Amino acid sequence: MAMATDVPKDSFRLSMLVYDTRYRSYTIQIVVLLLFAMAVAWLLNNTAQNLAARGKEFNFAFLWQRAGYDIGQQLIPYTNDSTHFRALLVGLINTLVVAFWGCIFATILGVIVGVLRLSHNWLISRMMTVYVETFRNIPLLLWILLSYVILSETTPQPRDFRVTDEMAAAGEAPAASMIFFDTVAVTNRGTNVPAPLFERGLGSVDLGFVTLNLTLLAALAVVAGSFWVNHRLVAAARAQQEATGVRPATWWKSILILFGPFIALMAALGFHLEVPELKGFNFTGGILVAHSFTALLIALTLYTAAFIAEIVRAGIQAISRGQSEAAFALGLRPNRTTRLIILPQALRVIIPPLISQYLNLTKNTSLGIAVSYLDLRGTLGGISLNQTGRELECMLLMMLIYLTISLIISAAMNLYNRSVQLKAR
Amino acid sequence: MAEAAKMQVSDEVAIQITGMNKWYGQFHVLRDINMTVMRGERIVICGPSGSGKSTLIRCINRLEEHQQGQIIVDGTELTNDLKNIDKVRSEVGMVFQHFNLFPHLTILENLTLAPIWVRKVPKKEAEETAMYFLSKVKIPEQAHKYPGQLSGGQQQRVAIARSLCMKPRIMLFDEPTSALDPEMIKEVLDTMIQLAQEGMTMLCVTHEMGFAQAVANRVIFMDQGQIVEQNAPKEFFSNPQSERTKLFLSQILGH
């Protein structure tokens, strides 16, 4: 009997590249790679040729030229004498501002709606269903336009707020009045909100490129410090619970720690609100928030919250009833059960799709162009592009920036996700 | 015989159910239930699926509400009063068919969670108690693993230990071995028999007739939401009274 000690060797034939399972996948991958490289080379070559034919070159020097256009909402100093790069920064900040608040409001609203949709109250759960289905099944662009039209067409003119002497004598009310204790005026030109002012502000430091607002920095530092102290307080309470079994009440200390120092700082700096006032034909004082911003924020929030609500609902439903029953049987009350058993498990299901929604919302801010909201798309990808004719550079740069923002959000959320996932399996 | 001495039933009433009825919407799940459980009694409840046996024991710690009648557990009547419900739940342990361990917590954390948050026991003491009961169900070496890393039988023993950590006076078992492989059923039943020998008051929904014959002092047969027959296991198996009981026994003992 022959001993089968050697691995049988069969000679390599060329046809094995196609028919042998060991080589086939390599063959396919190499072919695809070659085709892809050829496609990229063709695109690059085509672009270079077309640029040459039009006598254009590829460079970003235009970023340092004078922009020459105005931007309504600017959170860093900007005039039409500033450079295109400065305009890009203003646009980028506008994008980030609307994305930041959008994510926060959409999360709050989404969680509330998602939980209410599971309510046993028939009316409430049906109302939430109607909301979710209406908003997620109609394109976002239409919601943005609708919000804008409602805000700018149905709101009163500034003169409607005026109280003339005759009206005062007759005891008549004006056609329109301010809301939130007479501090906010919504007119067809925008929303006038109170401006925070400081009698003894800390001023600012000019670092050449950026200007640091010391008042804002001090406020942020105080808030961060308060959170740190509160964290220590909770840790101390946990230690005491582990040692004695009784957890000391911390809620009022937490409130004191979280709000006390901030209120004290505000008082020390002489914080007060400058309420907008009707002067002549328009409101002065306060801050004028453009309807383009408000409409974009409202539409993004309502639209994305509908998706987040579904994610939250799915996350809660993914936890079996047995989990809460086991906790109840052990004597845990419903609120503790939610905090110790349901939420830690639901978060694991909720966070990954939530990351996608944050990315979607951030990218969807570029639809602000429909209502002339000058974000990154409106400045760099809109007016700067049209004025300089550098479409290739502008588009590539814009794509790169959006990509970077998305990757940063994704990385941060993934980091958080890892902290709530199961430690072992 | 020493074991039998330990398994004495006292004349103190542990659970008293009188004229209890329950409906799910229009469906009458439990009809006119009357039963008394003495301290130290071990009762096996059996019956076809849908007969209301799980619902009955879930009423005893108010995972289900009853609509009519009275349930008194350890002198506390179950009403809508949260305080009464808390009191009963802290005295009554429950083991589920699907274990229902908390997958995001380690075995040790599963066991100490309720003592720490409900009984306000210091963490160290709670962990000592947990390790004591883990040794008792013979898996102390698994304390720092997660439930997903354990076999079904081990998970169910952890679930039993988790209930015991609350030092309950009554234990409810809702088909504790139905989701287990035959080999693992034995290790769980051994744990339960050990518990019975220590004098725990037990109500167990199960079809393990061997277990019923070994430890139960009473077997209750339910059908269509009613208690059809109850008797000592010897009588129950050798001389069933009603036709329905005979049919049921022939079906589960027949193969």
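Q: Which element gives the most to the lining of the largest pocket?
A: In this predicted model, α3(A) does, with 8 residues.

Q: What's the volume there?
A: The largest pocket holds about 1600 Å³ of space. It is lined by 40 residues, and the ones closest to its centre are A:Leu75, A:Pro196, A:Asn213, A:Leu216 and A:Ile287.

Q: Which elements give two or more residues to that lining?
A: They are α3 (84-117), β3 (195-198), β5 (211-213), α7 (214-244), α8 (251-268), β9 (287-289) and α9 (291-317), which belong to chain A.

Q: And how do the lining residues divide into nonpolar, polar and charged?
A: For the largest pocket you get 32 nonpolar, 7 polar and 1 charged.

Q: Which domains does that lining draw on?
A: Domain 1 (65-194 + 275-420) and domain 2 (195-274) of chain A each put in at least three residues.

Q: Ok, domains then. How far apart are their centres?
A: The C-alpha centres of domain 1 and domain 2 of chain A are 26 Å apart.

Q: How many residues are in contact between them?
A: On the domain 1 side of chain A there are 10, and these are in contact with 5 residues of domain 2 of chain A.

Q: How much area do they bury?
A: Domain 1 and domain 2 of chain A bury about 530 Å² between them, with 61% of that on carbon and sulfur atoms. On the domain 1 side, A:Arg86, A:Pro194 and A:Val275 supply 53% of the area buried against domain 2 of chain A, more than any other three residues.

Q: What's the salt bridge count between those two domains?
A: The count is 0 for domain 1 and domain 2 of chain A.

Q: And what's the count between chain B and chain A?
A: Between the chains it comes to 3 salt bridges. One of them pairs B:Lys123 with A:Glu242, where the closest N and O atoms are 3.3 Å apart.

Q: How much do the two chains bury?
A: Chain B and chain A bury about 2600 Å² between them, and 61% of it is on carbon and sulfur atoms. In terms of contacts, 30 residues of chain B meet 29 residues of chain A.

Q: How does it split by class?
A: The second largest pocket is lined by 22 nonpolar, 10 polar and 6 charged residues.

Q: Which residues line the largest cavity?
A: B:Lys136, B:Val137, B:Ile160, B:Leu164, B:Thr191, B:Gln194, B:Leu195 and B:Glu198 line it. Two elements of chain B give two or more residues to that lining, α6 (152-164) and α7 (182-197). The largest share is from α7(B), with 3 residues.

Q: What's the class breakdown for that one?
A: The largest cavity's lining has 4 nonpolar, 2 polar and 2 charged residues.

Q: And which residues line the second largest cavity?
A: From chain A there are A:Ala326, A:Ala329 and A:Leu330, and from chain B there are B:Met94, B:Phe96, B:Phe99, B:Ala159, B:Arg162 and B:Ser163. The elements giving two or more residues are α10 of chain A and α6 of chain B.

Q: Which element gives the most to it?
A: For the second largest cavity that's α6(B), with 3 residues. By class, its lining has 7 nonpolar, 1 polar and 1 charged.

How values were computed:
Residues numbered from 1 in each chain as written. Chains lettered and ligands numbered in written order. Predicted model: local features only at pLDDT ≥ 70, side-chain atom pairs only at ≥ 80, totals over all residues. Heavy atoms only, no water. 1 Å grid on protein atoms, 1.4 Å probe; cavity = no way out; pocket = protein on both sides within 12 Å on 5 of 7 lines; lining within 4 Å. Points joined across faces, edges and corners; volume = space filled by probe spheres on them. Helix = DSSP H or I, 4+ residues; strand = E, 2+ residues; numbered from the N terminus. Nonpolar A, V, L, I, M, F, W, Y, C, P; charged D, E, K, R; others polar. Domains from an automatic or database assignment. Contact = heavy atoms within 4.5 Å. Buried area = accessible area lost by both parts, 1.4 Å probe. Salt bridge = Lys/Arg side-chain N within 4 Å of Asp/Glu carboxyl O.
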